[in-house]
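Trainee: I have a model open and want to learn how to read it. Where do we begin?

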Amino acid sequence: MERKTFVLDAFFLLYTEMEDRVNGELDLQPEGNDFSKVIHLIVETIRSLQGKVGDFLEDEPSEVLFFRQIWPKFYSRLFFYLLVHEFHFNRMLTSSDQLDDFIREEKEKGAVFLRDNAEFWLYYRSGNSKIDVSFTRRYSASSVFDPLCLVLDPNGATLASFTAAWGLAYEAR
């Protein structure tokens with residue numbers, strides 16, 4: 001238990017350091033719309049996170065903890081800045097008379113995602129343990145009717161952690 005607490009503290013320290021670096025990079029941006037450096041910084045941090053996971057996922061409760069609380073926290077920042085980067089790029093391609101429609105469509109994307117995943121999102125945000133099993137790699141591997149289970153790294157992500165990260169990204173938007 002003591003080792004797990006130490007590793008968890010290391011994960012959260014890594015996250016805090018990432019956020020500090022992201023905020024520092026954002027402060028340096030004169031126009032505030034070039035998010036490529038921020039995205040690369042987050043990817044670099046995620047690679048570091050992947051190197052620290054190691055034996056932490058030794059049992060199902062640890063796996064649930066990691067893929068429910070830690071993985072989505074890091075990846076939601078990546079997904080958020082990918083969304084923001086795409087938004088700014090597409091906004092440059094949108095004429096001023098189409099801007100209101102463009103913004104409305106962008107807002108709708110997040111609403112659709114959260115609506116499509118409403119039951120999961122309700123349980124996830126409430127912290128209800130009913131969905132804990134969905135944060136295991138075993139569960140994701142058995143979800144053969146979701147084509148994403150074949151695309152995700154079976155040792156590095158779960159379908160539920162992926163959904164949670166996207167939900168957090170859309171929520172932050």
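Mentor: Begin with a loop. This is a predicted model. L93 sits in the loop between helix 3 (60-92) and helix 4 (99-116).

Trainee: Is L93 buried or exposed?

Mentor: Exposed counts as over 50% relative accessible area. L93 has 60%, so L93 is exposed.

Trainee: Now a helix. Which residues of helix 5 are buried?

Mentor: Buried means under 20% relative accessible area. In helix 5 (residues 118-126), the buried residues are F120, W121, Y123 and Y124. Look down the axis of helix 5: its buried residues fall within an arc of 165 degrees, so they line one face.

Trainee: What does the face turned away from the buried side carry?

Mentor: That face of helix 5 carries the exposed residues E119, L122 and S126.

Trainee: And what covers the buried residues of helix 5?

Mentor: The cover includes helix 3, helix 4 and helix 8 (159-172). Just after helix 5, check G127: its phi is positive, about 80 degrees.

Trainee: One more loop. Where is N155?

Mentor: N155 lies in the loop between helix 7 (148-151) and helix 8. N155 is exposed, with a relative accessible area of 55%.

Trainee: Which residues does N155 touch, not counting residues up to four places away in sequence?

Mentor: On that count, N155 touches L57, F67 and R137. Take R137: N155 and R137 are 18 residues apart in sequence, and 6.8 Å apart in space, C-alpha to C-alpha.

Definitions and conventions:
Residues are numbered from 1 along each chain as its sequence is written. This is a predicted model: local features need pLDDT of at least 70, side-chain atom pairs count only at pLDDT 80 or more; totals for chains, interfaces and linings use all residues. Side-chain values use heavy atoms; hydrogens and water are left out. Helices (H or I, at least four residues) and strands (E, at least two) are DSSP runs, numbered from the N terminus. Buried means under 20% relative accessible area, exposed over 50%, partly exposed in between (1.4 Å probe, protein chains only). The arc is that of the directions from the helix axis to the C-beta atoms. Contact means heavy atoms within 4.5 Å.
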